[in-house]
Amino acid sequence: MTSAPHEYPEAAPGAERLDHFMARAAAAYYAAYDPFQDFATSPEISQAFGECLGLWAAVTWQAMGRPNPVMLVECGPGRGSLMADALRAIAEMMPDFRAALRVHLVETSPRLRGTQAAKLGDAVAAWHADMASLPEVPMILLANEFLDALPIRQFIRRADGWRERHVLGGAFVELPSDIALPKDAPEGAIQEVNEAAQHFAAWFGARLKRHGGAGLLIDYGPAESGFGDSLQAMRAGQPVDPLVAPGAVDITAHVDFAAFAAAARAAGAVAHGPLPQGVFLQRLGFMTRAAMLARLDPARAQAQLAAAHRLTAPEAMGRLFKVLALCDSSLPIPAGFETA
Ligand code: SAH
């Protein structure tokens, strides 16, 4: 039984808070499906993406004073392509860093852990179900399309105040909100709250303050916080209703970078950006690398250049995707963020 939103029920037996629904749906999806049939991520589109991030990590390691050992952490590594490309570039350009680093992967899906093990083999020191078990040493963290998979709560402004969206029978029901939200919101406004991302930002900020290091968070979302519904689901490259087939579709939400950066700053980290992905990659020499790959393999030259365009062009992934850097306060401005 589904209550229409205008009924404003005070209770709805069996209704599940949206973040609980989303966490369950995402875990079931990543456990059972190959997400890359439903959407293409940057590391799967061009090897130059992971190579550039590997070199960013190498330059950052130098700025950190070349700690040994150092952890290279990736959250949500998917097929392991980003890490494989990064490690190859690091080994070639900065073997000292390759020798000092220990790869730690944060991944919940047993199936994707298997894919990562097959690709990365002995290069992986350990897998973790969450950040809490990572060793207490300096770290450099990379995460591409990880934060968008974390579950959000959604609140909607009605005439009598804020209500929280729950899911019942494939539709929303709105129940009274138990958290404080902005008073001056227009009726119908939707406020999203990503508690898992806030928790991650606070943990990471505190970790950077305690042991030093830096990280890059790459995802899609606006630079400034605002009202709006960004919950979405994809199947075979097509948008679908996020509530109807939980666990069978890729369910994500936009990342609120301003809220994330604020939580990390409050815990003691310094935030830079977010920068549009296209700007960041071009500053790191991504286009030069893509042109080199095209020259090395003439049969795939067109595909290499098309991939580079897709990742950097504002009308493709270059603007909606953003790059946020977090650093401990002793570090200089990280590569690519000089004039951000
Ligand atoms: N970074 C990869 C994959 C993105 S898909 C790429 O760019 O191609 C999201 C990844 O995050 C998957 O590996 C998924 O299993 C993982 N993931 C999702 N929620 C997670 C969570 N709560 N904790 C750890 N990993 C998670």
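Trainee: Let's start with C327: does C327 count as buried or exposed, and why?
Mentor: Keep in mind that this is a predicted model. C327 counts as buried because its relative accessibility is 2%, and the cut-off for buried is under 20%.

Trainee: And what about C75, buried or exposed?
Mentor: C75 is buried too, with a relative accessibility of 0%.

Trainee: How many disulfides turn up in the whole structure?
Mentor: Searching the whole structure gives zero disulfides. For C75, the nearest cysteine sulfur belongs to C327 and is 16 Å away. Seen from C327, the nearest cysteine sulfur is that of C75, 16 Å away.

Trainee: OK, new topic: the ligand. How many residues surround the ligand, and which are the closest?
Mentor: There are 17 residues around the ligand, and the closest are T41, G76, G78, E107 and N144.

Trainee: How does that shell divide into nonpolar, polar and charged?
Mentor: Nine of the shell residues are nonpolar, six are polar and two are charged.

Trainee: Which atom of N144 lies 2.7 Å from a ligand nitrogen?
Mentor: In N144 that is a backbone N or O atom. G78 also uses a backbone N or O atom, 3.1 Å from an oxygen atom of the ligand. With T108, a polar side-chain atom lies 3.4 Å from a ligand nitrogen.

Trainee: What share of the ligand's accessible area does the protein cover?
Mentor: On its own the ligand has 570 Å² of accessible area, and the protein covers 91% of that.

Trainee: Last one: which pocket is the space taken by the ligand?
Mentor: The ligand takes up the space of the largest pocket.

Technical notes: Residues are numbered from 1 along each chain as its sequence is written. This is a predicted model: local features need pLDDT of at least 70, side-chain atom pairs count only at pLDDT 80 or more; totals for chains, interfaces and linings use all residues. Side-chain values use heavy atoms; hydrogens and water are left out. A residue is near a molecule or strand if one of its heavy atoms lies within 4 Å of it. A polar contact is a pair of N or O atoms within 3.5 Å; within protein, one must be able to donate a hydrogen and the other to accept it, and residues adjacent in sequence count only if both atoms are side-chain atoms. Accessible areas come from the Shrake-Rupley method with a 1.4 Å probe; for residues, only the protein chains shown count as cover. On a 1 Å grid over the protein atoms alone, a cavity is a set of points where a 1.4 Å probe fits but cannot get out, and a pocket is an open set with protein on both sides within 12 Å along at least five of seven lines; lining residues have an atom within 4 Å of a point. A molecule sits in a cavity or pocket if more than half of its atoms lie within 2 Å of its grid points. Ala, Val, Leu, Ile, Met, Phe, Trp, Tyr, Cys and Pro count as nonpolar, Asp, Glu, Lys and Arg as charged, and the others, Gly among them, as polar. A disulfide is a pair of cysteine sulfur atoms within 2.5 Å. Buried means under 20% relative accessible area, exposed over 50%, partly exposed in between (1.4 Å probe, protein chains only).
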